[in-house]
Amino acid sequence: MATTVDVNGRSYNVSSPPDTPLLWVLRDELGLTGTKYGCGIAQCGACTVLADGNPIRSCQMPVSALGAAKITTIEGLGGATPLQQAWVKLDVPQCGYCQSGQIMSATALLAQNAKPDDAAITEAMDGNICRCGAYQRIRAAIKEAAGMPSVAVPSPALAAPAPKA
Ligand code: FES
Ligand code: FES
């Protein structure tokens, strides 16, 4: 039986079994591969998308449980939101694998809190793991997009070497 999902403003009839996680419908049926598989158990945040503006872990969300929720993926942001521009300006990604999930969580944060303080950023981003450790640049980019002062943190490859003792 076909399930209908609303993704990035389009309605799709999908043929995957109803208990298929949304992540695999997005990637395998709809070809929206910007959303990544990391852990598969709702622990890393790589698969984060928005459902009616709220971040969800698509690896653990059966497609049949979405109802009429409007899903937004990284592709649906269009690539040039203020947050994405800040991401580029501050050269946030390292390997990039976690980044779509990071951006989706940060997008939801800024939609709900235009000037998040450090505690709010920590709370909102806590579930998004970055194995490259780009956390400082992620935080700086969120503040940049919010028009808040922040200290730009260069990527490790560009950072000056530590002085010898
Ligand atoms: S792949 Fe979904 S939280 Fe890790
Ligand atoms: S940029 Fe590599 S895991 Fe986050």
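**Exercise 1. Find which elements of domain 1 face domain 2 in this predicted model.**

Solution. 
Step 1. Start from the domain assignment: it gives domain 1 as 3–76 and domain 2 as 77–151.
Step 2. Count contacts, taking C-beta atoms within 7 Å as the criterion. On this basis, 15 residues of domain 1 touch 14 residues of domain 2.
Step 3. Sort the domain 1 side by element. E3, E4 and helix H2 (74–77) each give two or more residues. E3 supplies the largest share, with 3 residues.
Step 4. Sort the domain 1 side by class. It has 7 nonpolar, 7 polar and 1 charged residues.

**Exercise 2. Work out the strand order of the sheet, and explain why E2 and E4 each have a side without a neighbour.**

Solution. 
Step 1. Write the order: E2-E1-E5-E3-E4. The sheet is open, has 5 strands and shows mixed pairing.
Step 2. Look at the edges. Strand E2 (10–14) and strand E4 (54–57) stand there, each with a single partner strand, so one side of each lacks a neighbour in the sheet.
Step 3. Ignoring direction, neighbouring strands are turned by 40° against each other on average.

**Exercise 3. Describe how E3 is joined to E4, and what packs on them.**

Solution. 
Step 1. Take the pairing. E3 (residues 48–51) and E4 run antiparallel, joined by 4 bridges.
Step 2. Pick a residue pair. Leu50 is opposite Pro55 in E4.

Technical notes. Residues are numbered from 1 along each chain as its sequence is written. Chains are lettered from A and ligands numbered from 1 in the order in which they are written. This is a predicted model: local features need pLDDT of at least 70, side-chain atom pairs count only at pLDDT 80 or more; totals for chains, interfaces and linings use all residues. Two strands pair if DSSP finds at least two bridges between them. Axes are lines fitted to C-alpha atoms, for helices over the stretch in contact, and angles run from 0 to 180 degrees between N-to-C directions. Two residues are in contact if their C-beta atoms, placed from the backbone, lie within 7 Å. Domain bounds come from an automatic or database domain assignment. Ala, Val, Leu, Ile, Met, Phe, Trp, Tyr, Cys and Pro count as nonpolar, Asp, Glu, Lys and Arg as charged, and the others, Gly among them, as polar.
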